[in-house]
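The following exercises ask the reader to work through a structure step by step. Each task is followed by its solution.

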Amino acid sequence: MEKPLTQHFVIGGEPLDLAGYEKVGGYEACRKSLKSLTRDDIMKLVKDSNLRGRGGAGFPTGLKWSSMPSSQNSPRPRYLIADADEMEPGAFKDRILMEGNPHQLIEGLIICAYTVDAEIGFIFIRSEYTKAAARINKAIREAYEKGYLGFNILGTGFNLDLKLHISSGRYICGEGTALTNSIEGHRAIPRHKAPRQTESGLWGMPTLLNNVETLCNIPHVVNNGAEWFRGLSKCKDGGTKIFGVSGKVRNPGCWELPMGTTIREILEEHAGGMRDGLKFRGTLPGGASTDFLVEQHLDTPMDYDSVQKAGSRFGTGTMIILDNQTCPVGMVHNLESFFSRESCGWCTPCREGLPWTAKILAAIEDGKGEPRDIDTLDFLVRSLGPGRTFCALAPGAMEPLRSALKFFREDFDAHIKEKRCPWR
Amino acid sequence: MATIFIDNVPYHVQDGQNLLSACLSLGFNIPYFCWHPAMHAVGACRMCAVKQFRDESDTRGSIVMSCMTPASDGTRVSIDDDDIREFRAAVIEFLMLNHPHDCPVCDEGGECHLQDMTVLSGHVYRRNRFKKRTYINQNLGPFINHEMNRCIQCYRCVRFYRDYAGGRDFNVFGVHDRIYFGRCSDGTLENEFSGNLVEVCPTGVFTDKTLRKQYTRKWDLQTAPSVCPHCGLGCNTIVGERYGSVRRILNRYNHELNGYFLCDRGRFGYEFVNCDRRIRQLLVKDKSGDSEAFLQPIEKQQALHSLSEIFRSGAPVIGLGSPRASLEANFSLRSLVGPENFYIGISDPEFQMISRIIEVLRNGPAHSPSLREVEQSDAVLILGEDVTNTAPRLALSLRQSVRQKPMEMVDRLKVPRWLDGSVRQIVQENKGPLYIFSPVATRLDDVATKTLQLAPDDIARIGFQIAHEIDPEAPPVSDLTANFRGLAANIAETLKQASVPLVVSGTGCGSIHVINAAANVTRALRSKGKRAGLSYTVPECNSLGLGLIGGGNISDCFQRIMSCSVNTFIVLENDLYRRAEVQITDQILNNCKRLIVIDHIMSRTAEKADIMLPSGTFAETTGSFVNSEGRCQRQFRVIPPTGEIQEAHQWIFDIMTSLQWDTLRHFSDIESIGELLAAEFPVFKPLPEVAPRSSFREFGQKIPRQSHRYSGRTSMLANITVNEPKPPDDPESPLSFSMEGYQGIPPASLIQRFWAPGWNSSQSVNKFQSEINGPLIGGDPGQRLIEPSASGKWSYFTDIPEPYKPQDDLWLMIPKFHVFGSEELSSLGPAISERIPKPYVGINPKDAESLGKQEGEKVAVAGENFSISVPVRIIKSLPRGIMALPVGLFTLDGFTFPQWVRIVRD
């Protein structure tokens with residue numbers, strides 16, 4: 001089984017430096033792209049590869065790139081941003097990619113920037129990722145020294161400046177427009193969808209935003225072709241995926257596996273199954289802001305469409321496992337406290353509704369729940385749903401709660417009836 | 001026009017607007033908080049949700065925010081669907097999680113948009129059982145009270161203060177449900193438009209601190225439409241009164257003029273009406289006895305008798321008009337003393353400038369734009385005017401004008417202009433052209449393309465050159481440096497490329513050359529077929545009206561007094577000490593045999609009066625005023641006649657009565673006086689139509705100044721009488737001092753309060769507009785008196801001044817205006833006076849160095865007729881050799897500007 005993304009990871013040591021990366025074929029794709037491929041060639045490759053955005057929404061990458069306006073008469077500079085603000089609880093895939101092989105990301109960025117004719121790149125990184133930041137900074141320095149970044153790259157006349165922007169730590173910056181506001185120095189609040197960022201993004205200029213994992217795939221698509229990339233997958237979405245598992249499993253961690261690997265396989269073969277004495281009760285398959293899936297869904301292949309069909313979202317592909325010895329109300333309370341804290345405060349339902357949700361869940365968990373609280377939670381799930389809020393934060397935050405109320409309703413009722421948490 | 005379907009009923013609406021304004025324009029009640037008609041949509045509060053359907057077959061629909069959704073042709077929405085109702089109530093419930101239940105003691109109660117929207121949404125029962133969040137409030141200075149616990153985080157305040165008004169000392173802090181709107185730390189809000197927070201805030205976070213000191217509920221106030229007396233713009237206001245004192249000023253929407261916003265001088269300057277320097281009694285000074293005579297009360301009949309004696313004696317009586325008195329008062333005085341004995345109550349240079357402004361506006365070809373038109377200008381040149389300090393509300397409009405040009409970027413991306421968040425994201429820091437030439441740095445410099453501080457004559461010269469660059473027929477300035485010529489050429493090119501360029505100038509730097517230069521630039525632009533506007537600021541609320549009536553020069557008036565050929569001198573609402581230097585004024589008043597002052601404030605002139613007739617302030621006067629645009633507007637008194645105070649024109653009428661004039665009845669009321677004015681001066685022909693006549697009735701009823709009848713108001717005087725007294729008559733207007741009458745929407749110039757069923761706050765203005773952001777129903781108040789003549793009899797001014805040269809021993813003294821302090825009346829109020837700077841003289845740092853003076857050290861300045869000693873303030877932007885003297889901050893403030901002065905060395 002091929003594992004292009006993680007093949008050059010050095011387990012337990014420093015990642016490959018530029019020379020080491022070049023030795024294993026690094027920057028070949030970059031050289032090939034800039035010297036012998038046209039922008040249209042690369043665009044076609046990426047489209048044909050069926051690569052979908054790895055940030056959570058799963059938007060086809062080629063389509064997103066082609067929404068950048070034509071270079072002719074375009075306002076300049078044009079920007080490319082790599083979203084490395086991985087703050088979804090349960091997600092750590094971008095971290096291992098950046099720590100494991102920083103040059104892979106930079107190479108992907110260069111090829112992408114070349115394809116969409118962007119001249120300034122940002123890597124917007126989560127502030128806690130200090131190790132990744134140090135490694136990326138070193139890699140950027142090396143790439144500048146070797147002429148992969150900066151002025152007239154590889155003598156092709158293409159210029160790219162790349163900067164690492166360390167976030168001050170807000171979950172909302174995972175929302176692309178809030179991220180843009182944040183780089184500009186404004187409050188990290190989302191922007192309205194019109195105009196699209198590709199038309200008017202960072203400082204009003206055409207801006208493309210891609211997830212770290214998405215960009216890491218690009219060199220391999222260029223090197224090996226679209227067909228090869230599609231062949232990596234078990235489903236129609238191309239490529240491999242870094243899947244992660246957290247929770248009380250024997251071997252939590254993350255692995256590069258074909259897209260479309262089933263939840264059961266990931267959980268049992270790679271994460272080693274549940275710890276002794278524990279039973280599987282449910283999982284948030286795509287990170288904290290996705291709906292619970294339960295026993296009956298274990299054979300769902302992990303790809304965008306299948307997970308959606310099962311009633312949840314593929315998200316970042318990093319599962320959180322709930323076992324039978326952990327209180328689901330407590331778990332959801334933990335998540336809602338996080339989302340409530342991370343609300344940017346812009347729109348009413350999210351700003352006011354999330355703290356209220358968290359307070360109700362805390363009360364239930366503390367044995368102070370009231371029967372009508374369930375109705376109120378239902379009401380909150382409805383009122384914080386899609387279309388009601390300005391961005392997707394609150395609807396995402398409601399997904400684990402909504403599904404918990406569906407699958408673990410008896411646990412909520414037990415808390416309220418017994419006036420205590422049955423797990424304590 | 002677009003056809004939209006609201007709950008399956010088709011409606012025709014204007015293209016290009018959002019669903020919220022379309023629905024509100026149609027008269028539907030859709031609740032909203034963060035949307036503001038002037039600041040548009042950002043989609044934060046989620047209150048204005050509606051359900052949108054793809055087409056006829058779509059029965060599920062999806063929830064959208066009406067403020068963020070275009071009302072394009074074929075749009076189908078439901079504004080009253082079950083989901084919508086539940087969601088709107090949910091939004092209110094969310095807001096109420098933390099909103100204190102303090103309505104009964106809240107300043108906003110009874111005129112609170114949050115209350116109205118809560119009732120509208122149907123939310124009644126609070127399910128939240130957890131503790132509320134609390135905040136620490138800040139002291140925001142003398143104007144605004146801060147109560148953050150009431151905040152519902154609609155972000156309107158910060159959007160107004162920072163984005164709209166350009167303020168910097170106010171922001172939003174914090175995240176999630178700990179959002180805070182305020183300053184970094186306690187302190188006065190410095191922006192000149194901070195008072196608008198009172199009306200922008202949908203609830204009681206920002207309330208009027210001056211009202212708080214003498215608090216009255218909206219329904220307890222007696223209110224009337226008025227015109228702001230504190231600068232030449234004539235913004236429309238609503239004045240609120242109770243028990244004979246003015247309690248507050250609110251904005252009165254006028255689509256063409258002030259829109260939704262006032263400046264702080266206009267909003268808080270009213271306190272002088274209640275101050276202890278008010279003259280409330282008829283006073284006379286008996287000079288027959290001791291030399292040290294005091295003004296003492298006298299019976300009205302006795303006073304009028306002695307007045308008639310004076311006139312009957314046959315000795316000449318002369319009158320001095322006033323730029324802050326109504327047209328009717330000025331004209332009555334002119335008629336009483338005779339045109340040959342009527343003098344303009346402003347300094348000669350100012351009279352010259354005002355006359356020139358009138359001449360330029362009349363001859364055209366440029367017209368004077370309304371503030372709305374100013375906002376739509378796409379290139380602006382300011383010559384010599386510190387607008388923020390001389391005509392503050394104009395500065396707010398100019399600040400919006402720089403957003404016009406960048407809107408092209410927005411249009412290109414096909415983003416509607418009302419999508420404010422997106423617009424600001426696209427526009428970023430791009431600004432349209434704004435060039436400012438002024439003697440000192442101004443508050444608009446932060447949005448200017450280019451600013452340059454020059455002496456007034458140099459400002460005029462660059463203006464002349466710009467005109468020449470636009471049209472070679474205009475005279476060139478031959479001896480200009482290459483730099484300036486290049487700059488002039490650049491500006492000329494920019495103005496030529498604009499579709500609606502605007503030139504702003506005025507009396508602010510005291511130079512007629514600057515006024516001429518501004519005229520040349522617009523004339524040149526017009527000659528090139530541009531729709532150029534020309535906006536002149538004038539110092540006072542009726543400067544232009546007085547100028548249109550005309551009269552003799554004040555210097556001639558003084559000469560007549562000095563030559564002792566005058567028996568009696570009548571001064572109408574004017575303080576001579578503001579018109580001429582103290583030495584001169586003292587001389588004049590000492591030489592005056594008999595001084596009669598008609599005024600409402602005990603000024604230094606009034607103190608010297610032999611007879612003092614107490615007139616009404618703006619709150620006690622019905623009358624007409626002409627603003628700097630040339631718009632004539634009517635203000636209506638709000639305080640019923642009390643004691644001996646009566647309108648100035650009534651005093652003059654009383655004198656006429658005692659003289660038994662046969663043309664008497666013509667002066668009995670403002671309408672008759674208006675007819676006479678219109679007959680004598682063609683320019684005042686529209687005057688009688690400025691507002692509905694006193695005989696006007698709506699459904700046979702007058703328009704009441706008081707709100708609907710309720711028991712609280714009827715018991716107002718219960719300590720005096722338990723019977724409800726008969727309301728005072730008001731024969732001069734169609735308004736009544738009563739609760740009875742037509743409580744619906746009156747003609748626009750009679751709007752005494754904004755209120756509609758279910759809409760108790762000032763947001764109810766949307767019910768008075770013909771469409772959202774459009775004119776008031778029936779047309780906006782006011783009549784433009786001056787339009788450029790079609791015959792086009794104009795020529796270029798050719799009198800180009802010599803370049804300014806710093807002199808070794810002489811300093812060019814120019815005026816420096818302050819929004820708080822330079823205007824006579826507002827400065828008397830306690831709130832405004834807290835904001836008035838200390839007197840100073842401003843000089844360039846290098847000049848200070850050569851004088852060996854540090855900031856704050858005193859320096860002695862001597863001019864032709866004065867000498868003063870004042871602390872130095874170092875002003876970096878001031879050109880060398882120029883001295884800026886703040887207007888109005890001195891007890892001896894009638895300086896002539898500009899003039900050459902000396903510094904007396906220690």
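**Exercise 1. State the domain bounds of chain A, then describe the contact of domain 1 with domain 2.**

Solution. In this predicted model, the domain assignment divides chain A into domain 1 (18-231), domain 2 (240-323) and domain 3 (328-418). Next, consider the separation: 27 Å lies between the C-alpha centres of domain 1 of chain A and domain 2 of chain A. Domain 1 of chain A brings twelve residues to the contact, and domain 2 of chain A brings 15 residues. On the side of domain 1 of chain A, helix α5 (residues 93-100) of chain A supplies the largest share, three residues. Classified by type, this side of domain 1 of chain A comprises five nonpolar, three polar and four charged residues.

**Exercise 2. Determine how many residues of helix α8 (residues 176-184) of chain A are buried, and which strands they pack against.**

Solution. The criterion comes first: a residue is buried if 20 or more other C-beta atoms lie within 10 Å of its own. By this criterion, eight of the nine residues of α8 of chain A are buried, and the helix is mostly covered. The buried residues are A:G176, A:T177, A:A178, A:L179, A:T180, A:N181, A:S182 and A:I183. Their packing partners are β1 (79-84), β2 (120-125), β4 (158-166) and β5 (207-211) of chain A. After the helix comes A:G185, which has a positive phi, near 95 degrees.

**Exercise 3. Characterise the side of chain B that touches chain A.**

Solution. Begin with the residue counts: 31 residues of chain B are in contact with 29 residues of chain A. Then locate the contributing elements: β4 (62-65), α2 (82-96) and α15 (420-427) of chain B each provide at least two residues of this side of chain B. The largest share, five residues, is that of α2 of chain B. Finally, sort the residues by class: this side of chain B holds 18 nonpolar, ten polar and three charged residues.

Definitions and conventions. Residues are numbered from 1 along each chain as its sequence is written. Chains are lettered from A and ligands numbered from 1 in the order in which they are written. This is a predicted model: local features need pLDDT of at least 70, side-chain atom pairs count only at pLDDT 80 or more; totals for chains, interfaces and linings use all residues. Domain bounds come from an automatic or database domain assignment. Two residues are in contact if their C-beta atoms, placed from the backbone, lie within 7 Å. Helices (H or I, at least four residues) and strands (E, at least two) are DSSP runs, numbered from the N terminus. Ala, Val, Leu, Ile, Met, Phe, Trp, Tyr, Cys and Pro count as nonpolar, Asp, Glu, Lys and Arg as charged, and the others, Gly among them, as polar. A residue is buried if 20 or more other C-beta atoms lie within 10 Å of its own, exposed if 12 or fewer, and partly exposed in between; C-beta atoms are placed from the backbone.
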